[in-house]
Amino acid sequence: MMVARRTPGAGVRKPPREETAHGGQDWCGREFEGCNFDVLVTRNDVEAGKPDPETFLKAAALLRVDPSNCLALEDSHSGVRAAAAAGMATIMIPDLLHPTPEIASVCVGVLPSLNDVRIRISQQL
């Protein structure tokens with residue numbers, strides 16, 4: 001028997017909150033439908049932006065989850081560096097830049113799309 005459970009989620013976003021569609025409720029795209037977040041941390045909420053890990057650490061703290069128990073999904077090199085520095089398992093979903101060997105080495109995976117992340121997670125359950 002498989003039990004469905006909702007996993008808490010956080011959005012960590014570079015643009016200021018006012019530039020984030022719907023205040024963060026739907027900026028992750030149509031491809032990963034229904035990904036509403038419990039918390040949203042933007043550049044306005046921290047002293048140092050990516051690649052500093054502060055945004056990811058703040059998101060984990062707001063969720064009351066240890067960063068080592070978090071999975072970060074990132075499309076940028078600075079985001080991957082920040083999430084990895086926060087101690088989070090990180091998957092890169094390349095957008096404009098593909099991972100360099102250095103970036104790939106700090107990721108637990110590189111996948112082509114958010115849908116591939118969903119498939120991979122469902123296979124692990």
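The legends below describe close-up views of a predicted model.

**View A. The buried residues of helix α1 in the predicted model.** Helix α1 spans residues 54–63, and its buried residues are T55, F56, A59, A60 and L63. These residues lie on the same side of α1, because the arc they cover around the axis is only 135°. An α-helix has 3.6 residues a turn, so residues three or four places apart point the same way.

**View B. The largest nonpolar core, with twelve residues in all.** This core is made up of V12, V41, V46, F56, A59, A60, C70, A72, A82, A83, A86 and M88. Helices α1 and α2, the latter covering residues 77–85, each supply at least two of the core residues, and α1 gives the most, with three. Another core, of five residues, lies apart from this one and has I91, L111, L114 and V117 among its members.

**View C. The contacts of A72.** When residues up to four places away in sequence are not counted, A72 touches F56, A83, M88, A89, T90 and I91. Of the residues in this view, A72, F56, A83 and M88 belong to the largest nonpolar core.

**View D. The cis peptide bond from K50 to P51.** The omega angle of this bond is near 15°, and P51 is placed in the loop between β2 (39–42) and α1.

**View E. The positive phi of R64.** R64, which comes just after α1, is a residue other than glycine, yet its phi is positive, near 60°. R64 is found in the loop between α1 and β3 (71–74), where it is exposed, with a relative accessible area of 79%.

How values were computed: Residues numbered from 1 in each chain as written. Predicted model: local features only at pLDDT ≥ 70, side-chain atom pairs only at ≥ 80, totals over all residues. Heavy atoms only, no water. Buried < 20%, exposed > 50% of the residue type's maximum accessible area, 1.4 Å probe, protein only. Helix = DSSP H or I, 4+ residues; strand = E, 2+ residues; numbered from the N terminus. Arc of directions from axis to C-beta. Core = buried A, V, L, I, M, F, W, Y, C linked by side-chain atoms within 4.5 Å. Contact = heavy atoms within 4.5 Å.
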